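Colleague: I am new to reading models like this one. Could you take me through a few features, one at a time?

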Amino acid sequence: MDLNNYSSNDFHDELIGPGGRPRAAARAIWKYLKGLDSEEVAERKAACELAAMVAGITFRVYFEDTGIDRAMPFDLIPRVISASEWQEVERGLKQRVQALNLFIDDLYNDQRIIADGVFPAEMLEGSENFREQCRGFSPPLGIWAHICGSDIVRDGDGTLYVLEDNLRIPSGVSYMLENRQVMKRVFPELFEDSGIQPIDEYPSQLYDTLASLSPRPADYPTVVVLTPGMYNSAYFEHAYLAQQMGVELVEGRDLVVNENDEVMMRTIAGLEPVDVIYRRIDDAFIDPEVFRPDSMLGVPGLMRAWRSGKVALANAPGAGVADDKVVYAWLPEIIRYYLDEDPLIANVPTWKCSEPEDLKYVLANIGELVIKPANESGGYGMLIGPRSTKKEQREFARLIKADPRNYIAQPTLALSTCPTFIQGRVSPRHVDLRPFILSGQQTYVTNGGLTRVALKAGSLVVNSSQGGGSKDTWIVETGN
Amino acid sequence: MLSRLAENLYWHGRYLERAEDLARLVNVNANLNMDLPAGISAGWEPLVRITGNAQAFQQRHDQAGERQVVNFLLADEDNPGSLKASLEFARENLRSARDLLPREVWEQMNALYLKGQDTLTGNLAKRRRHDFLRELILDCQQIAGTLLGCMSQDHAYDFILIGRYLERADMTTRILEVRGHDLLPKVDDELTPYESIQWMSVLKSLTAYQMYRRHVRLRVSGNDVLRFLLRNEQFPRSVMFCLRALEDLLAGLPGDEDQALRQITRLQRRLNEVRLAGLRGKPLSELMDHLQAELAETGVVIRQTWFLR
């Protein structure tokens, strides 16, 4: 593979350091790739594509009402992170999720953080994901977000930032697991002696996390994965996780809540009780008795069963209150408030326009910042400072001054790149990373996560529905 | 197990069996036409009748030549009974139930489906077609083999088999019904070599020729073939074999409802009691129609008992 002319064009590169030399953790893979002739590269590329296709790593794309399968683009060059750096990230993520869970539990109960003047009450009022139906209830272990997927990016100076925490129904972990399977098939020799940390234990960790929530701890709990159905874009993942955990994959129509508020599933032997539901259906659709009455995907009475403690739901309804931009901006304060610790992993610096000092800074630097409406339901767009006109900036300044608490601002980040195989050549492409954090009786962070890559040159959009692909992510012991 | 998945697996079993049987039918019919004397042809239209699609076919085609029939049976995406559609349904039903099966089965099913999508394009050359269908039969057998060798023989497996045996029994009766008519006018009681060829084609379409010769050492005659394919208890594509398998499978399912089981044992009795000697033409058709109707009714009862509550 011709790697001599590779350059990341001044962006921080995940594999290549200053002077064009591979970073310590990436030395083995870089040397290996260099040693491949073009025929060997083509062979491995084809093997990757075939393996991915055959395994059904596809996501459904809707096209004129017929679901068609398209192979999820998968790049054969892995993204490599050193184990020592990852340990820091892991600690930071655990801290974050712990604080977020305490925060959610507080919001639905005593609201101490508001009473103590740390988090403003008015921020809660506009929250789209705050569920009044969850007030005065605390789920088992006080945990609301059992499965969290945080998006991490690296800026030009090499610092890792958490860009957002997905606390509702984060997806992508199946691609992480499948990518590794494909890589092991295609590059077996690398896995034999490169000290790459395994990731395969995720499904059993997930199962343990879910089982620990069971209201019937004495028995073997019945855990199920609840999917909206096979036409959902993440259906592959739902099926995959259920299979890997050895539990039933159910749809709303498979479940029924009886008069004792117990959740039962319809089986060939009649109705059987269910203890824990890993639900992959949005809050708004899970129970037509409580939320959207037109939902065909949910289970009437599910909220009743949950609130009476007869069934555990992961993630808990209402957990999404903590993953909108308002809360994000307050996360450093939230961590300090509940844990009395400084954040171990950085937030992207965020200016809250509700704070007079911040507001002054934002108005003075509007051309360099990204302005986001803090409140999702606000209906206003974003302003990307460097790409905006003076007129747009003036307009935004006016909007911000009129309603400062509705806006946050962040610097524009220079996302890091990773060498990516594009049309026979290795070129830099921007990447992000989504690790997954499980919270039950114990907390667990995946070794790495799903690296998403924007396949278009210069693009920052890593989303799979918009031409993004993915890579295997290696956490590698470097020995020093 | 979930009722919904039981139903998916049942249909997967049915559709995969249907795909395999369609491949057998088309290949054997092509062979038969090659063996018959010039001027006499088994034609292709009977295949449309075997699959019970005459009406849909006539809406689309004026004549039933090889090209039209083969295209209709194999590649027509608008014909829900086509091989292409069967592979798609077999796969889609498996998709939702894939977490119950060994992963290899999904991979094999996916590969088979993709192969079908690539190959069944409507202008399939004859030589290529033959090879493809032969391969497809082997691919289906590979899936059956992987299930047998790698899957726990639990209820999920049972429902695949129930679908498979119901479909197979149905298809065998259809082949007998349509191929049971004499292709040649009868001159006297002597068996003509062509009559023999006709019945050999029936056997071959079910890969039954070799097994038949081991059971029935005489030359191939209509009555013996009929008896073999309806009543033999050792050959896995005979109707009786399928019914015995269904009896065992249904008896092992949970629940107190035994209507499906009673239905199957009634069918077995009927098959054992009916007089097969000299049975051909209309009475043969009527018997096969009866068996098909009873098998369809069994499908309805299975659905009511285990798929809907």
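Modeller: Start with strands. Two strands pair if DSSP finds at least two bridges between them. Helices (H or I, at least four residues) and strands (E, at least two) are DSSP runs, numbered from the N terminus. This is a predicted model, where local features need pLDDT of at least 70, side-chain atom pairs count only at pLDDT 80 or more, and totals for chains, interfaces and linings use all residues, while side-chain values use heavy atoms, without hydrogens or water. Residues are numbered from 1 along each chain as its sequence is written, and chains are lettered from A and ligands numbered from 1 in the order in which they are written.

Colleague: In which sense do β15 and β17 of chain A pair, and over how many bridges?

Modeller: The general idea comes before the case. Strands of a sheet pair through backbone hydrogen bonds, either parallel or antiparallel. Strand β15 (residues 369–373) and strand β17 (residues 407–411) of chain A take the antiparallel sense, over five bridges. Look at Ile371(A): opposite this residue, in β17(A), stands Ala409(A).

Colleague: What is the strand order of the open sheet of four strands in chain A?

Modeller: Read the order as β14-β17-β15-β16, with antiparallel pairing. β14 (351–352) and β16 (383–384) of chain A are at the edges, each with a single partner strand, so one side of each has no neighbour in the sheet.

Colleague: Which strand pairs with β3(A), and in which sense?

Modeller: The partner is strand β23 (residues 468–476) of chain A, and the sense is parallel, over six bridges. Val80(A) faces Trp474(A) in β23(A).

Colleague: How many residues of strand β3 of chain A are buried?

Modeller: First, the cut-offs. Buried means under 20% relative accessible area, exposed over 50%, and partly exposed in between (1.4 Å probe, protein chains only). In strand β3 (residues 74–82) of chain A, nine of nine residues are buried, so the strand is mostly covered.

Colleague: Now the backbone. Which residue of chain A has a positive phi of about 55° although it is not a glycine?

Modeller: Gln111(A) is such a residue. Find Gln111(A) in the loop between α3 (83–108) and α4 (112–115) of chain A. Gln111(A) is buried, at 17% relative accessible area. Asp340(A) also has a positive phi, near 55°, in a residue other than glycine. Asp340(A) sits in the loop between α12 and β13 (346–347) of chain A. With 71% relative accessibility, Asp340(A) counts as exposed.

Colleague: Which two residues does a cis peptide bond join?

Modeller: Ala314(A) and Asn315(A), with omega about -10°. Asn315(A) belongs to the loop between β12 (312–314) and α12 (325–339) of chain A.

Colleague: Next, charges. How many salt bridges does a search of the whole structure find?

Modeller: Here is the rule: a side-chain nitrogen of Lys or Arg within 4 Å of a carboxyl oxygen of Asp or Glu. Over all chains, the search gives 54 salt bridges. One pair crosses between chains, from Glu178(A) in helix α6 of chain A to Arg103(B) in helix α6 (residues 103–119) of chain B. The closest N and O atoms of Glu178(A) and Arg103(B) are 2.8 Å apart. Glu178(A) is buried, with 1% relative accessible area. Arg103(B) is partly exposed, at 24%.

Colleague: Where do Arg398(A) and Glu395(A) lie?

Modeller: Both are in helix α14 (residues 390–402) of chain A, three residues apart, about one turn of the helix. Glu395(A) is partly exposed, at 37%. In chain B, Glu92(B) and Arg91(B) form a salt bridge at 3.7 Å, N to O. Both Glu92(B) and Arg91(B) are buried. A salt-bridge network links Glu17(B), Glu20(B), Asp21(B), Arg24(B), Arg168(B) and Arg237(B).

Colleague: Last, the interface. What area is buried between chain A and chain B?

Modeller: The size of an interface is often given as the accessible area lost when the parts come together. Buried area is that loss (1.4 Å probe), summed over both parts. Between chain A and chain B it is about 2300 Å², and carbon and sulfur atoms give 50% of it. Chain A puts 28 residues into the contact and chain B puts in 24 residues; contact means heavy atoms within 4.5 Å. Four salt bridges are counted between the two chains. α2 (38–54), α6 (173–186), α9 (235–245), β7 (248–251) and β9 (263–267) of chain A each supply at least two residues of the side that touches chain B. α9(A) gives the most, with seven residues.

Conventions
Buried area is the accessible area (1.4 Å probe) that two parts lose on being put together, summed over both.
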